[in-house]
Amino acid sequence: MDTYETINRLQAQGTGVVLQLSAHDLRCVVGEIMRSEREKMSREAKEAASMPSVTRKEAAAFLRCSLKTLHTLDTTGDLRPVRIGTKVLYRQKDLETFLSSQTQDGPGSRLKLRR
């Protein structure tokens, strides 16, 4: 088990441990953290690239709502965007699923938001 995994395991257990690391060990731990985060970001980017997705502006246009309403849908958990760095994308399938879950009361009906 590497140092990074050991630290994570101890932290998950809630163990109050003070570590004393040499400069070399610290560099190794930081390197492992950076490598782990790069791999995570790479996986997320590949996942997002494999699914048709749209920008915030395109998603709002598709739903016929404002960017503020789209943000509300995000914060309430009605929609889950994919975040890659600072870029926010919405999966086309998620938008279609959300729209089909809304009750259609005819033209001009409003989105039903969770509160």
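**Salt bridges and surface**

Analyst: D94 and R91 join their side chains in a salt bridge, 3.5 Å from N to O. A salt bridge here is a side-chain nitrogen of Lys or Arg within 4 Å of a carboxyl oxygen of Asp or Glu. This is a predicted model: local features need pLDDT of at least 70, side-chain atom pairs count only at pLDDT 80 or more, and totals for chains, interfaces and linings use all residues. Residues are numbered from 1 along each chain as its sequence is written, and side-chain values use heavy atoms, leaving out hydrogens and water.

User: Is R91 buried or exposed?

Analyst: Buried means under 20% relative accessible area, exposed over 50%, and partly exposed in between (1.4 Å probe, protein chains only). The relative accessible area of R91 is 17%. R91 is therefore buried.

User: Which residue forms a salt bridge with D74?

Analyst: Side chains of opposite charge can pair when their charged atoms come close. D74 is buried at 9% relative accessible area. Its closest N and O contact is 2.5 Å, and the partner is R83.

User: How many salt bridges does a search of the whole structure find?

Analyst: One joins D94 and R91. Another joins D74 and R83. The search total is 2.

User: What is the area of the nonpolar surface patch that includes L21?

Analyst: Patch residues have over 30% relative accessible area and no salt bridge; like charges are joined within 9 Å, nonpolar side chains (Val, Leu, Ile, Met, Phe, Trp, Tyr) within 5 Å. L21 is partly exposed at 35%. L19, L21, L26, V30 and M34 make the patch, with an area of about 420 Å².

Conventions:
Areas by Shrake-Rupley, 256 points an atom, 1.4 Å probe, with all protein chains shown as cover.
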